[in-house]
Amino acid sequence: MRNERWNLTGPLLLCWRMTSTIEPPRGALRRPAELARNLDVSGLVDTEGGLVDRAIFTDQRLYRQELRRVFAPSWLFLAHADQFHRPGDFFTTYMGEDPVIVTLDRNRRVRAFLNSCRHRGARVCRADNGTTRNFTCTYHGWSYDLEGKLVSVPNKAGYPGSFDTGEWGLIEVPHVETYRGLIFGTWNPDPVPLRESLGDMAWYMDAMLDHDDEGTVVVGGVHKWVLEGNWKLAAEQFATDWYHVNMSHASALMVLSPTGKGPKDEIVHRTGRQYASPGGHGAGFPVHPKNRFDARTVHQWTDYDALRERLGDARVEGPLTNGHATVFPNFSYLPVNGSIRVWHPKGPDRMEVWAWTIVDKSMPPDVREAQRLYNLRTFGPSGIFEQDDGENWSEVQAVAHGFITNGVPLNYQMGLGSEREDGRHPGATSELYSDAAGRAFYARWRELMNTPAWHEENP
Amino acid sequence: MSTATESRAGTRADRDLHFEVEQFYYEEADLLDAGRYADWLDLLADDLDYWMPTRTNRLRRQQALSVAARGEAAYYDESKESLAWRIRRFDSGMAWAEDPPSRTRHLVTNVMVRHADPAEHPGFTADDLHVRSAFLVYRNRLEREENVFAGSRTDLLRRTGAGLRVARRTILLDQNILLAKNISTFF
């Protein structure tokens, strides 16, 4: 294998569908059903009445059920295609709480593997990213190649004749697909294709990802930080919540305003639309003919006329610049500063934020730098906006375990019944200030939580 | 005169200079812990470069890449102007992440002072100081939130008529995933 010539250049193969899933040998192992008992969540989310039971943010059993039925079958964001240039380039991340390695194999296919040795289960890669020829477990030395094959087992002679290394490769994520540079994977062996699962959401995503033919690239490095809050608090907010901006981010709006004395009325009294997808995705944005990128250098470089030509007036005056969005379940982005992020679940009370900055590949260095710094200073962990978001989620979570508190439903009634086809933006949209996408998010959550996933033997 | 300057370049500073630098750092820490950010800004040079890169876990053979490069992800990548912009937000009365304010304690230790070497740091003279130090910042917030930030700082302190001023500061936080919900203080 080492003598083979690797294909070091050429385009990435960005759509990977395994022809057959290797079922790990189970011998006489049988899991008792009690280990994964499911609860009917119908009574925890009332999307018609706009009410949510706070148990969905705190209960450990519901959380485990989310990992089984929401995360395992859904398309989950893995990485940006620009993170992989040569065979062996790898990036380690999580799908739900499952550690995965995303890598480029010798045929320049983007592939993803469970980052857990098949022998005793340790991670076989403990670096965040880098370049390698194989993944070797530092516990007993089992070693896997870039295709996930088990290629080296110390004291192999000690195993029985029935031991077949072909059965003991890394568990592979069966489907990896890319949408405009964003790589997603799913454990679902028979998923709806990524593009189809995005549906109309793709139209909104394109406002950020498709400014020209060159697409986007990532700024090196990932911001990672912990938040003491349930992952849905953040995912839901990015889907549905422009409402918090004026209050939560009052201090940031003040320093961003030209006078420095307070946000202008037209910022506070913005109108716009909010897209609510049946797939649980959501995007909200102010609508104005003169919507602009905040960072001055980015604004000055942007050719709004060319963008109108390419993306149409509705997108340039809407989701191109300001706004917020979530791709169900836990990928979110902000077009204004190129922030894309995953809310990794870490138990009912904790999440980890992993955030990248993306820029248009066509941007010259000074424009890229301006966007990087603008994102760092607004939505990095020290950013003047991000600081206050973290404060909100930890506040909501900290008190939610009180018995009485936990039993008091939360209000998601803004814009109830306002969803309609507006003739300008695809799908059903509501007002800028609305909980419509939040209700859609929880409707999708309820649907998945009540639907047996492929891995459940007795549906 | 110039030969005297050159002979000092890069050498360890004397006890008086160490004392002066330590007192300067304690004053900085005191201002930050008291929330007197505007006064802290006065201790920074107008051409300040204030950089706190992220750090990644890399294989040992790729350790050189474990600190994000310039232009990559950073917690801070600031000028004096952008720090002032950040600090103005606290004056709005609506910076909720610091309202009520956190209690912080900035401890500075392991201070090693050398005369700056103009060959290494163009624009600086041997009167300026190249200083490495370690910090431990404790943050306690609301009822029971706690964070500990430990790391190192590498500074270039400029000698001015008004005293020392921080002209360059590189902060290395000893964390991979930031173990805090945000960074609402300075180092």
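Q: What is the angle at which the axes of helix α4 and helix α14 of chain A cross?
A: The axes of α4 (residues 231-240) and α14 (residues 436-449) of chain A cross at roughly 135 degrees and come within 7 Å. Axes are lines fitted to C-alpha atoms, for helices over the stretch in contact, and angles run from 0 to 180 degrees between N-to-C directions. Helices are DSSP runs of H or I with at least four residues, strands are runs of E with at least two, and both are numbered from the N terminus. This is a predicted model, in which local features need pLDDT of at least 70 and side-chain atom pairs count only at pLDDT 80 or more, while totals for chains, interfaces and linings use all residues. Residues are numbered from 1 along each chain as its sequence is written, and chains are lettered from A and ligands numbered from 1 in the order in which they are written.

Q: Why is α4(A) called oblique to α14(A)?
A: Angles under 35 degrees count as roughly parallel, over 145 as roughly antiparallel, 65 to 115 as roughly perpendicular, and the rest as oblique. The angle here is roughly 135 degrees, so α4(A) is oblique to α14(A).

Q: Which residues of α4(A) and α14(A) meet?
A: Ala235(A), Glu236(A), Ala239(A) and Thr240(A) of α4(A) meet Ala436(A), Ala437(A), Gly438(A) and Phe441(A) of α14(A). Two residues are in contact if their C-beta atoms, placed from the backbone, lie within 7 Å.

Q: What classes of residue make up the contact of α4(A) with α14(A)?
A: There are five nonpolar, two polar and one charged residues. Ala, Val, Leu, Ile, Met, Phe, Trp, Tyr, Cys and Pro count as nonpolar, Asp, Glu, Lys and Arg as charged, and the others, Gly among them, as polar.

Q: Why does Leu67(A) count as partly exposed?
A: A residue is buried if 20 or more other C-beta atoms lie within 10 Å of its own, exposed if 12 or fewer, and partly exposed in between. Leu67(A) has 15 C-beta neighbours inside 10 Å, so Leu67(A) counts as partly exposed. Leu67(A) lies in helix α1 (residues 60-71) of chain A. Leaving aside neighbours within four places in sequence, Leu67(A) is in contact with Ala72(A), Gly96(A) and Glu97(A).

Q: Which element gives the most to the side of chain A that touches chain B?
A: The contact takes 37 residues from chain A and 33 residues from chain B. On the side of chain A, α12(A) gives the most, with six residues.
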